[in-house]
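Let's take a friendly walk through a protein model, one feature at a time. Have a look at the sequence and structure below before reading on.

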Amino acid sequence: MVMKPEQLLNSTPKGLYCPAGDFYIDPVRPVPRALITHGHSDHARAGHGAVLATRQTLDIMRIRYGEDFCESEQAVGFGETVEVNGVTVGFHPAGHVLGSAQISVEMSGLRIVASGDYKRGIDPTCAPFETVPCDVFITEATFGLPVFHHPLPRVETAKLLTSIKQFPERTHLVGAYSLGKAQRVIRLLRDNGYSDPIYIHGALARLCDYYVSQGIDLGDLRPATLEKSNPAAFKGAIVVGPPSAFQERWARRFNEPLIAFASGWMMVRQRAKQGGVELPLVISDHCDWPELLETITEIGPQAVWVTHGREEALVRWCELQGIAAKPLHLIGYEDEGD
């Protein structure tokens, strides 16, 4: 008897659940056994019993949540498979942030791949996305509307470097999420020839140190600690920090600060305007619309399940291609890694 996909994996209020293996993928509440795709807080939460993830994701969870983030942990390498109660589970690069994985779940000749969050663009700060053949592909749709076509990251990085030349007296404050986006922006600057010190908010320090320990060169990083007596020391400098820090007094102490924000959402002018962003940088760690379609076409699954984001348009596109598709309406997933 052929197993139906919904018997192998189904959506519950806690997240995607595999009844045969008795485990959840990226559960939004504490569970006895969790498989985690990556370290962003909407996918990786503390308080689970046993956690399976890549070594880098486990390390990142420890940095973010402390030593006792779970009761027990097991590291799974890319391309490795493990048996969980008779279900074969594999971890494959997702290209989203350091350590991020797609998780394949296989039983009775049926394979489902839960992609977590993923991107297709070149990013030297993490392993590149790999297409994994499967019967059912579970995709996010953060930017799942035809309007989203992201520009090349080096073009956006060039805007920042041009602004520094145009306004050498101003401190450029770049908002970037602390896991993945901040390190990617720093590396983009380095790869585009910027060799000056880059100053980072204290909230980024441990994660940047971890990236460096994993062989990712971020160049000369220095703490963005500001002595009240000398704001001019940061004239013409680049300071990278989490977006939340820019609403604080900390940001206003810099020299004529120019606020930039690196995010796929910077395509939406209203978002930039609301956030007081003077220099929007459209740098995303998710696929845009053409990349979502390209990925589904490459994999060629029999069915596509859409987990979060703009679900309807992607489901409709799949149906027009003759691919069975449905939204899963999972809740609790935000855009921390956008």
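## A bridge between two strands

Tyr-24 has Ala-34 in β4 as its bridge partner. Strands here are DSSP runs of E with at least two residues, and helices are runs of H or I with at least four, numbered from the N terminus. Strand β3 (residues 23-25) and strand β4 (residues 33-35) run parallel, joined by 2 bridges. Two strands pair if DSSP finds at least two bridges between them.

This is a predicted model, where local features need pLDDT of at least 70 and side-chain atom pairs count only at pLDDT 80 or more, while totals for chains, interfaces and linings use all residues. Residues are numbered from 1 along each chain as its sequence is written, and side-chain values use heavy atoms, leaving out hydrogens and water.

## The sheet around it

β3 and β4 belong to an open sheet of 6 strands, in the order β1-β2-β3-β4-β5-β6, with mixed pairing. At its edges are β1 (10-12) and β6 (70-75), each pairing on one side only.

## A helix across the sheet

Which strands does helix α2 (residues 55-65) lie across? They are β5 (48-53) and β6, and the helix runs at about 155 degrees to β6. Such angles run from 0 to 180 degrees between N-to-C directions, with axes fitted to C-alpha atoms, for helices over the stretch in contact (heavy atoms within 4.5 Å).
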